[in-house]
Amino acid sequence: SYMLPDGWDRTQYLKHLNWRTGARRVFLQHGVTDEDGSKALHRNRTGVDLVFATSDREAQYFSEHMHYGDQAKALGFPRFDALQPDRGRRRVLLMPTWRKYLTIPSYLQQDGADKDAVDEIFRESTYREFMVQLLRHPKLMEALEHYDYVLDFLPHYEMRNMVDGVVPDHPRVQRLDQTKVSVQTALRQCDLFITDWSSVHFDMAYLGTPLVYARFDPDEYWAKQARKGYFEPAYDGFGPVCGNVEDVVTEVIRYLGNGCVREPEYDHR
């Protein structure tokens, strides 16, 4: 339905044409689903015939919670074949996910007045405040200098036009350009990973790279962005879970001090 000609109605296509042509519709996800995606991905909404999952637990979630039955299979993602670690470049990667209530998604058309209003909301947001404080934290800057690391900031593509002024002019901090460095390359080459709610934490777990969860806005996130699923990082995750800038900095410095080695506990998970 995402490849329909202009002017075709998705609902009418699925109702009147899809079943007549006998098309099989397969959903190869762009990332692992760990939140409740039923609002967009429930079987009654998508009508797809097969969903790719990466683990038995994820497949079970699609099967039972989103009513796919045996049409959800733990088949893995082909792109994981290229996820081979290339660490040792002394890079820390900060890759937060987006917030639909703080930007105008690229797939929506809005006028300039709406954009101005959204820009103002973003400037006053908890999201921006956290990024600014983290990327300018004196102890973190000192640790990056002391242990000889560079912190790369890779904003989500839906937020890339919102974060001007967030990255400081500092030799140990840089913003990555997605037109020059692929996301997969950045993931493979980092020695330590920081994210808030991005499902890319599964990619890092697969790579064996240590990570820190910076979950600084849980109430706001669950109220405005997403709904909880089956995955709880405190029990299922692959790194320490932090709720504020100070805790994130403490954990990052700890990892820099031990050579960015992931603990056996997270290896096991």
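Q: Leaving aside its neighbours within four places in sequence, which residues is Phe193 in contact with?
A: Contact here means heavy atoms within 4.5 Å. This is a predicted model, where local features need pLDDT of at least 70, side-chain atom pairs count only at pLDDT 80 or more, and totals for chains, interfaces and linings use all residues. Residues are numbered from 1 along each chain as its sequence is written, and side-chain values use heavy atoms, leaving out hydrogens and water. With those neighbours set aside, the contacts of Phe193 are Leu93, Met95, Leu187, Val200, His201, Met204, Thr209, Pro210, Leu211 and Val212.

Q: Is Phe193 buried or exposed?
A: Phe193 sits in strand E7 (residues 192–195); strands are DSSP runs of E with at least two residues, helices are runs of H or I with at least four, and both are numbered from the N terminus. Its relative accessible area is 0%. Buried means under 20% and exposed over 50%, with a 1.4 Å probe and protein chains only, so Phe193 is buried.

Q: What distance separates the C-alpha atoms of Phe193 and Arg91?
A: Along the chain, these two residues are 102 residues apart.

Q: Which residue is the bridge partner of Ala53 in E3?
A: Strands E2 (residues 50–53) and E3 (residues 72–74) run parallel and share three bridges, where pairing takes at least two bridges found by DSSP. In E3, the partner of Ala53 is Ala74.

Q: Which residue in E2 stands opposite Phe27?
A: Strand E1 (residues 26–27) is joined to E2 by two bridges, in parallel. Opposite Phe27 stands Val51.
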